[in-house]
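Subject: Structure for you to look at

Hello,

Here is the structure for you to open. My notes follow below it.

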Number of protein chains: 2
Amino acid sequence: MSRQSEKSLSQTLRAALGVRDLLYSGTFRPGERLSEIALSDRLGLSRTPIRAALARLEQEGLVEVIPSGGYAVRTFSEADIIDAIELRGVLEGTAARLAAERGISDDYLNAISNTLRELDEIVAPPVAELDFERYHECNAVFHDQLRNLSGSTIIRQEIERVTNMPFADPSAFLKAQVDFPEFRASLQVGQEHHRAIIDAVAKREGARAEALAREHARLAKRNLDYVMKNQILKDSVPGLFLVAV
Amino acid sequence: MSRQSEKSLSQTLRAALGVRDLLYSGTFRPGERLSEIALSDRLGLSRTPIRAALARLEQEGLVEVIPSGGYAVRTFSEADIIDAIELRGVLEGTAARLAAERGISDDYLNAISNTLRELDEIVAPPVAELDFERYHECNAVFHDQLRNLSGSTIIRQEIERVTNMPFADPSAFLKAQVDFPEFRASLQVGQEHHRAIIDAVAKREGARAEALAREHARLAKRNLDYVMKNQILKDSVPGLFLVAV
DNA sequence: GGGTCAAAAATTGTATACAATGAGAAGGAA
DNA sequence: TTCCTTCTCATTGTATACAATTTTTGACCC
């Protein structure tokens, strides 16, 4: 059977990816029922893996259970997004604080310092020339290193869970930030935050590291606020259409 | 079919409860493979609901995926427990802080104050007469109210998730606390924390509320430390046998 | 005795069938 | 029209069958 034969992923995984893609591409409206049969037809899979995928996406928070049976696209409120962003700040802050308190190895510090330097390079030139793709990737690397900084599996998993929510990801507003000049300054502010967080961790200043990580996440709240006021911008944030007006 | 006919829960739910019970009762050793067939035989269900239950328990963190297929009992380290407790403190602290910052309704405040008064009554008499069952229930109510205090669904769900881990629950060490006199004093300290947290929330002192909730969770760490040193006590903490020595 | 290879047994992943419930349409009464 | 009732159809939850792959057993060789 196709457990993992070459390029052929498990059907269940393929289903999860497929349904998630459908959700993100806006194929269904918030609150709409997700018919297992329709999905299995569309993705060319049987109902079993679809069903497993839906159960998984429910735990991820993208779909919700209908009491009478089945699943529906989850609807979010703006307050949910704000809370999710706040929560990311709190968790990344905890990762940073614990890293500061418990200490980190030189290897880790070097690795994340290298990422910082690369981000510096990317952000340094005049905003007009900013390399979007490179920034996106490098920012993801930084936040990945940050959530591993404390060395705690439990913390990392929890951050990953929250970050899975479409609009709570550290890069959620990146597209909006790059496409609209008035946003770009916040990229440099963000990079300043990055530096300060790692500086605090290196100096074992736990409280400072935690506070900074929280403040860093709050940049996203500001972006959200702006984006919500401009219909045009909304489409640049993945999954934002899941938010009920 | 048996969607929810009277007392008959869905088979999937029954499977989840059944497997969890088996895990908690120590039927399987940490790391041991959980055979779907064995489980379905044992619980008198078909493999389908068992499989769904296992997928769910994996998200809850009780079982883990075996790369070659299937599930195994998850193994925890002592560090995992410490981190989970710390995380609970952080999240409950966030709930308290947000409640303080955003304000809570008089109804909520009254409700949780009533719980506080009841806990006072329970803890007041000489320790020898402490009503275990009543304390257990009342403590659960308090922590439930606490995690709803901010009114945020996202926060509440996240606390519930972490609290699902067997040893991160606020009542995890209760049995040990009651059975062993040297522990009982910590119940009164805990109640003092409860009072202070709510006082801080009512006065909108967010930072204080957050710090207190964290410190409250750290009581559990102290208990853990003590329990880990005494083999006899270990059995009084649910799921602690999942911890690798 | 230990290690390697091969065959057998066990176990999973997936597809499909079926019964029971829920949702929705059609139709009638007010 | 609007509301209620009934009937039909669609959809889910569950069981089971089957193929593929792991894992284990056992034999053989060094």
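Which residue forms a salt bridge with A:Arg51? The partner is A:Glu36, with the closest N and O atoms 3.0 Å apart. The pair links distant parts of the chain, 15 residues apart: A:Arg51 sits in helix H3 of chain A, A:Glu36 in helix H2 (residues 36-43) of chain A. A salt bridge here is a side-chain nitrogen of Lys or Arg within 4 Å of a carboxyl oxygen of Asp or Glu. Helices (H or I, at least four residues) and strands (E, at least two) are DSSP runs, numbered from the N terminus.

First, the ground rules. This is a predicted model: local features need pLDDT of at least 70, side-chain atom pairs count only at pLDDT 80 or more, and totals for chains, interfaces and linings use all residues. Residues are numbered from 1 along each chain as its sequence is written, chains are lettered from A and ligands numbered from 1 in the order in which they are written, and side-chain values use heavy atoms, leaving out hydrogens and water.

Now the two chains. Chain A can be laid on chain B with an RMSD of 0.1 Å, by a turn of 180° and a shift of 0.0 Å along the axis. That is the relation of a two-fold axis.

Next, the interface. In chain A, 29 residues are in contact (heavy atoms within 4.5 Å) with 30 residues of chain B. Of the interface residues of chain A, 100% are also interface residues in chain B, so the copies meet through the same surface. Six salt bridges are counted between chain A and chain B. A:Arg102 and B:Asp83 meet in a salt bridge through their side chains, at 2.9 Å from N to O. Over all chains, the whole structure has 44 salt bridges.

Over to you.

Best wishes

Note on methods:
Least-squares fit on C-alpha atoms with pLDDT ≥ 70 in both.
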